[in-house]
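Look at the structure first, then read the points below.

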Amino acid sequence: MPFNKIQSEGLDLTDNYAFTGTVTGTGAMTLLQTTTASSSSTITFDSSVITSTYKVFLIFCSQITFSTDGADIQLSMSVDNGSNYPSNHSEVSTNFYDDTYRMRRTTSQSYIRIAGSVDGDNSNHDGVMSGRITLYNPSDTSNSKSMHFEMASQNQSGVAVNFRNGNGAFQNNSAVNNIKIAPSTGTIASGTFKLYGLS
């Protein structure tokens with residue numbers, strides 16, 4: 001006998017079901033932009049994708065390499081689509097490298113240091129970094145903006161050598177509509193950056 005709702009007794013998973021209609025009440029992750037670096041001085045997500053449509057944004061950084069060993073990777077936020085990146089950023093992070101934990105806390109700067117490229121021992125600069133950045137409700141106009149990041153690196157031999165975990169804040173009550181990722185020196189030689197929005 002056909003029915004139009006799921007009974008409290010549940011579903012018999014040995015049966016076959018055909019579902020129609022729309023499922024509501026679940027969150028959706030939408031791919032908004034993919035950028036492939038190639039000797040890039042900056043990676044930018046502008047006001048065309050950083051909008052109030054989504055409350056949470058995820059940036060996945062995959063197989064990132066650098067033109068210069070030891071460069072810091074910096075993230076900056078803007079409320080005027082990149083015309084300015086104010087010195088209102090702060091961060092607290094831990095970095096595990098060379099079997100040592102390092103703590104970092106900084107305030108009043110124009111970026112959040114999310115990672116560092118791997119120090120190399122030759123001219124190939126072929127250490128690799130991957131990780132995830134989460135930005136929470138950048139369109140909020142009542143509070144500072146919060147973010148979290150996790151980044152892991154391998155050296156030239158493919159050995160895991162560096163892990164950075166931290167959180168950052170942008171002390172500005174205006175809506176953020178631009179995010180820039182850039183190395184402190186040199187360029188991002190290769191790798192992929194994918195921006196997702198979570199509704």
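Buried means under 20% relative accessible area, exposed means over 50%, and partly exposed lies in between (1.4 Å probe, protein chains only). This is a predicted model: local features need pLDDT of at least 70, side-chain atom pairs count only at pLDDT 80 or more, and totals for chains, interfaces and linings use all residues. Residues are numbered from 1 along each chain as its sequence is written, and side-chain values use heavy atoms, leaving out hydrogens and water.

**The sheet**

- Strands (E, at least two residues) are DSSP runs, numbered from the N terminus.
- Two strands pair if DSSP finds at least two bridges between them.
- Four strands form an open sheet with antiparallel pairing, in the order β2-β11-β4-β7.
- β2 (43–45) and β7 (112–116) are the edges; each has a single partner strand, so one side of each lacks a neighbour in the sheet.
- Four bridges join β4 (residues 72–78) to β7.
- Ile73 stands opposite Ala115 in β7.

**The salt bridges**

- A salt bridge is a side-chain nitrogen of Lys or Arg within 4 Å of a carboxyl oxygen of Asp or Glu.
- The count by this rule is three.
- Arg113 pairs with Asp72, with the closest N and O atoms 3.0 Å apart. Arg113 lies in β7 and Asp72 in β4, so the pair ties together parts 41 residues apart in sequence.
- Arg104 forms a salt bridge with Glu91, at 2.9 Å between the closest N and O atoms.
- Glu91 is buried, at 2% relative accessibility, whereas Arg104 is partly exposed at 21%.
- Glu150 and Arg132 meet in a salt bridge at 3.0 Å, N to O.
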